[in-house]
Amino acid sequence: MKAVFGLFVILFGVSHGVETFCDGRQNGAKCFGALGGSVVLQLMDDASKIFKYQWKIKTTTILHGRKNTIVTNLLEKRSSFSPSNGTFRINDLSRNDGGEYTLEVFDNSGVISEKRTLQLTIQAPVSSVLLVSECLSQGEMRASCSSKGGDSPQYSWTLVGQTLTHTQLLSGNIESQNITLKQDVSGQLVCSVRNDVSLVQKEKKTCGFKWIQCILLNGTYISQWLPPTNKTLCRPSTTTTTTTTTTTTEGKETHITVSNKPSIITSSNHTGALFLLYCGLRTAVVFLILTGIFVYFACVETFCDGRQNGAKCFGALGGSVVLKLMDDASEIFKYQWTMKTTTILHGRKNTIVTNLLEKRSSFSPSNGTFRINDLSRNDGGEYTLEVFDNSGVISEKRTLQLTIQAPVSSVLLVSECLSQGEMRAMCSSKGGDSPQYSWTLVGQTLTNTQLLSGNIESQNITLKQDVSGQLVCSVRNDVSLVQKEKKTCDLLAYLPIIVGVLSALLILLAVGAAVIYAQKKKQNKPKEDDEDQDLTYADVRIVQRQAREGKQMPQREEMEVEYGQVKFSERPQQTVEPSRHDCVYAKVRKGR
C-alpha cells in the first residue's frame, strides 16, 4: 500500500478556503487538497543544495529549478515555491490539479540521482452538518446526522468528548448516520462528518430522562423513566424520629433529633450559598475563556494514514489524532500495536482484547482506525504494528512515527504606513511548536517584485507603494494554521492631509518672502536732510579780556567771542575746508 501523509486542520473563520499540508518526500505519498482551497506540498528539504530538479505531471513540467533559482513555474499565477525549505504551494485548486506527480533530482553530471512520485487527490470539503434528534417515550434518543457538500463523507459520534461505545447504543454504530441512545445515556452528543480535507461537527444535548421510583400522592406506585420537564410529586416516606434532650453545665437544653429520613441540608442563608455558586461558575467560565477552551473549538483533530511502513504522523497537544492502522481488522486473525516494548492495542478480528489507553481512546475494527484523545508529549514516539496469520506467524510488520506539537493559538499582525506609501508589516505568533510564516495578498502568495524588504517566509516585510489589497499573514505548523489580515496602505486616503500640509507650507513661504522683501526695501530708502548747513551758532557774545599780571592794557582793548547753543546736523560729517564766511553770527554784542 502507498503511504498517506495527509494532514488536515479544522479551519474556522478562514475566508480564503481550506488549506492542507502534505509531506511528499517519500515515494508514493498520497496527498489531498480541498476544492477551491490551497495545498502545501513538502517536495524536498532544501532546494539550494540540489543542482537541478524537475517536478511534472505526466509529461508536462510544472516546476524546473537549479539550486535557489526557479527556471520555470507553469502555475506561477496561483502558486509559489520556496527553495529554502522545498515547499510548493498551490492556490485555487481545481479537479484538474489532481493526479500523479513525479519529482526528478539531477546531480552535477546531469544524471537522475533520485526519482519519486506523489498522488494528489482533490476533494470538495464538507460545508455543513444537520443533526436532528427525537426523544422517545421511554427516554431513548433517536439521532440522525446528514451533511451538505463534501466528497466521501465519513460519520462518527462522541459523547462528552469520548467516542460512543456499543453499550450506550440501542441501534446503529459509531460510523452510521442514524443511531438510538439508551435511556441512561446523558450529556452533549456530537456528530462529526469528515473527509480527507475537512471536519465539521454538530452537537445536541441528550434527552436527560430520569428514573423515578416512588408512590404518588394519589397512592399510585410508579417505576419508570420520565422527562426532566415532568414534575412528579411523590408521597413522603415514613420516618422514625427520636429526640434526645440533654442539659449542659450552663443550664441550657440541647435537642438532638435523629431521623431515618434522607437528610436535606437547609439554611436560612441560602442566598449566600447561591452567590458563592455563582462566583464559582463565573470564575470557571473566565478560566475556560483565558485558556482558550470553548466546548469543542479548543481541540484540534488531525488524521494520518499509517498503512505504509515509516509513515510520519502529527498530533496536537491536548487534541485528538485519528490513525488509520489497517483496512479492516475483522479480516485479521491477530494484531498487536506497540510502542517500544509496551503493547497499546491487542485484538483478534472484531474483538479488542486489550486497549491500554481505553479511557481516552477508541478503536473501530470495521475500518481499522485508532483515535487518541487528550494527547500529551508522552504519546509521541515510534509505534509498531504486527499482524499475525492463523499459524501465529508475523505476516506483516510496519512502523509509524507520531510527533506531538503544540498548536499555534493566536497571531498578532502590526502594520505601519510609511511616508512614501510603503507598508511595513510585522507578524508574530503565540504558542505553537516550530511555527512557519507565509504571506498572501488577495489570496495569492506575495512575490519578490512586490516587496521592498523581507521575503514570504520572514516575520517582517515591507510592501512597495503600488501594492494594494488584503494582506494575510499565515502561521502554521504540522497541526494548526492561524491567519490574521490587514488592509494595505491607500495613498489616496491620505491625499487631503497631504494637500493641506503642502498648502500650509506654501502660505508660510509666501508670508516669509513678503516680510524679507519689506525689510530690504526699508533699508535701501534714502533719508531726508533735516538741515542744509553743518553747524549753527547762536547766542554769540564778545567780552573784554582782563589785564594780566598787573600790566596795563593797551589803548584798544582785546575782545573775546563766546559761542553757545551749538548744533550738529544728523547728516554724515563731510570733511570740507570751511571758508572764512562759513560762520553765521546772531545777536552779537560788544561788552562794555
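1. Glu19, Arg89 and Arg476 are joined in a network of salt bridges, a salt bridge being a side-chain nitrogen of Lys or Arg within 4 Å of a carboxyl oxygen of Asp or Glu. This is a predicted model, in which local features need pLDDT of at least 70 and side-chain atom pairs count only at pLDDT 80 or more, while totals for chains, interfaces and linings use all residues. Residues are numbered from 1 along each chain as its sequence is written, and side-chain values use heavy atoms, with hydrogens and water left out.

2. Glu19 belongs to strand β2 (residues 19–23) and Arg476 to strand β40 (residues 470–476), so the pair ties together parts that are 457 residues apart in sequence; helices (H or I, at least four residues) and strands (E, at least two) are DSSP runs, numbered from the N terminus. Glu19 is buried at 7% relative accessibility, and Arg476 is buried at 9%, where buried means under 20% relative accessible area, exposed over 50%, and partly exposed in between (1.4 Å probe, protein chains only).

3. The structure holds 19 salt bridges, among them the one in which the side chains of Asp97 and Arg78 meet at 2.7 Å, N to O. This pair links distant parts of the chain, with Asp97 in the loop between β9 (87–90) and β10 (99–106) and Arg78 in the loop between β7 (69–73) and β8 (79–82), 19 residues apart. Asp97 counts as buried, at 5% relative accessibility.

4. Arg360 and Asp379 also form a salt bridge, with the closest N and O atoms 2.7 Å apart. Arg360 lies in the loop between β29 (351–355) and β30, and Asp379 in the loop between β31 (369–372) and β32 (381–388), so the pair ties together parts that are 19 residues apart in sequence. Arg360 is partly exposed, with a relative accessible area of 22%, whereas Asp379 is buried, with 5%.

5. Turning to the rings, there are eight aromatic pairs, counted for rings of Phe, Tyr and Trp (its six-membered ring) with centres within 6.5 Å, planes under 30 degrees apart being stacked, over 60 edge-to-face and the rest tilted. Tyr335 and Phe363 make a tilted pair, at 5.7 Å centre to centre and 50 degrees between the planes. Elsewhere, ring pairs link Tyr53, Trp55, Phe81, Phe88 and Tyr101 into a cluster.
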